[in-house]
Amino acid sequence: MKHEIFLAKTFAKFEPLLQNELLQLGARNVQAMSRSVQFEGDLSLLYKINYCSRFASRVLWQVKYFNFNSNDDFYKEINAFSAEKYLSRSGTFAVSCTASETIFKTPLFAALLTKDAICDRFRDIYEQRPDVDKENPEVQFHVHIHKNNAILYLDSSGDSLHKRGYKVSNHPASINEITAAAMVALSGWNGKCDFIDPMCGGATILIEAAMQALNIPAGYYRDKFGFFNWLNFDRFTWKNMINEHAIQDDIPIDLYGYDINPRFLGMAKANVEKARLEDFILLNKRDMRTVKPKRTPSMLIFNPPYGERLEMEDNNIFYKEIGDALKQNFPQCKAFLISSDINALKNIGLKTCFKQNMFNGPLECKYYGYDLLSGKFAPTYQSQHGDHKINSKKKC
Ligand SMILES: C[S@@+](CC[C@H](N)C(=O)[O-])C[C@H]1O[C@@H](n2cnc3c(N)ncnc32)[C@H](O)[C@@H]1O
């Protein structure tokens, strides 16, 4: 297959994680940029990255690169692109645009010109044109313009890849799935010791951790990707790729989720069931300050309330109590937590072994790790609970 150029988008600070992941998935000429990583490969790699990437939010395929000096030039270049190879004359499409230092006053104008150029081409060839659907287009184009250079992309993902397909219930302060996956990866957890989210809300972190431990692809629960709608979609290559992906159906560890709020635990339960991970993720109502690990070492990863989306009485006192609980109840464990309340974080009162800035949606956060051990962190042991099966009765 021909080698193509792709651009995978991600969130600020996750570029190195994404770069490394793309290399492992077989991408070539991988170059990290700001909130994106460019790489090369064929269309089967594009399918694979949409299906497997935990850190990409979408993947764009560069279908045309050109220079232009006027509106007319721009129109002609887009009009010459064979959009009919991907989009049906009776289909729907949308165009988004980013532009800087260009002749166009607004990106919207460039997007409209792109739309006209595509529609006129269809009218000339078929006397029929596809419709624009901004909400739910079958084919999404993106134009990126800088000065007099333009790149036309096809968006292969459709909905953002953080929409994994397992969230049936949305916690009001739920963490983004890509951020949760990055938190697990950055902690160095290797799936060989128990995992605890003591303030689990809708269970995003637990589900992302279980998916990593079981080698479940990030896109496993999704029922569609943007490229499914392209006229050149190769269903055979897609099916082969997903069938080759081996999922582990048993692991000798448990994942525990606790929350003080029964309503939120209900949401966690619904999401865990949708992901068919109830044999692995054990949920209970509990105050974090009373939780103890069933086995040590264990890994704790959580996002306590920041007071932004959930009301808090006093973050400073609460974070001090979290720090005390970690110190007293979790010897020989590691704990990682994310928060946007930098002052409250100081009240944890433990020495950090890991620090990284990151975002949770628009919120600028700190992600801190604490080594609570007195002794070695050597995470390997056998399951207490016997056999687990991800797909016990239900087919995944
Ligand atoms: C920011 S939310 C976690 C969101 C979660 N990571 C998700 O993606 O859905 C914080 C959670 O901590 C819970 N919580 C607050 N105080 C708690 C406590 N003392 N013990 C256990 N859970 C607590 C809240 O009920 C809330 O669900």
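**View 1. Where domain 1 meets domain 2.** Nine residues of domain 1 touch 13 residues of domain 2 here, counting as contact any heavy atoms within 4.5 Å. This is a predicted model, and its chain splits into domain 1 (4-155) and domain 2 (177-215 + 247-371). Taken over C-alpha atoms, the centres of the two domains sit 36 Å apart.

**View 2. What gets buried between the domains.** Put together, domain 1 and domain 2 bury about 970 Å². Of that area, 74% is on carbon and sulfur atoms. On the domain 1 side, look for Lys13, Phe14 and Arg54: they supply 58% of the area that domain 1 buries against domain 2, more than any other three residues.

**View 3. Helix α4, end to end.** Helix α4 covers residues 107-126. Its 20 residues should span 28 Å at 1.5 Å a residue, and the end C-alpha atoms are 29 Å apart, which agrees. Just past the helix, Glu127 takes a positive phi of about 55°.

**View 4. The buried residues of α4 and their cover.** Buried in α4 are Ala110, Ala111, Leu113, Thr114, Ala117, Ile118, Cys119, Arg121 and Phe122. An α-helix has 3.6 residues a turn, so residues three or four places apart point the same way. Pieces of the chain that cover the buried residues of α4 include helix α3 (71-79) along with strands β5 (92-100), β7 (139-146) and β8 (149-155).

Conventions. Residues numbered from 1 in each chain as written. Predicted model: local features only at pLDDT ≥ 70, side-chain atom pairs only at ≥ 80, totals over all residues. Heavy atoms only, no water. Helix = DSSP H or I, 4+ residues; strand = E, 2+ residues; numbered from the N terminus. Expected span 1.5 Å × (residues − 1). Buried < 20%, exposed > 50% of the residue type's maximum accessible area, 1.4 Å probe, protein only. Domains from an automatic or database assignment. Buried area = accessible area lost by both parts, 1.4 Å probe.
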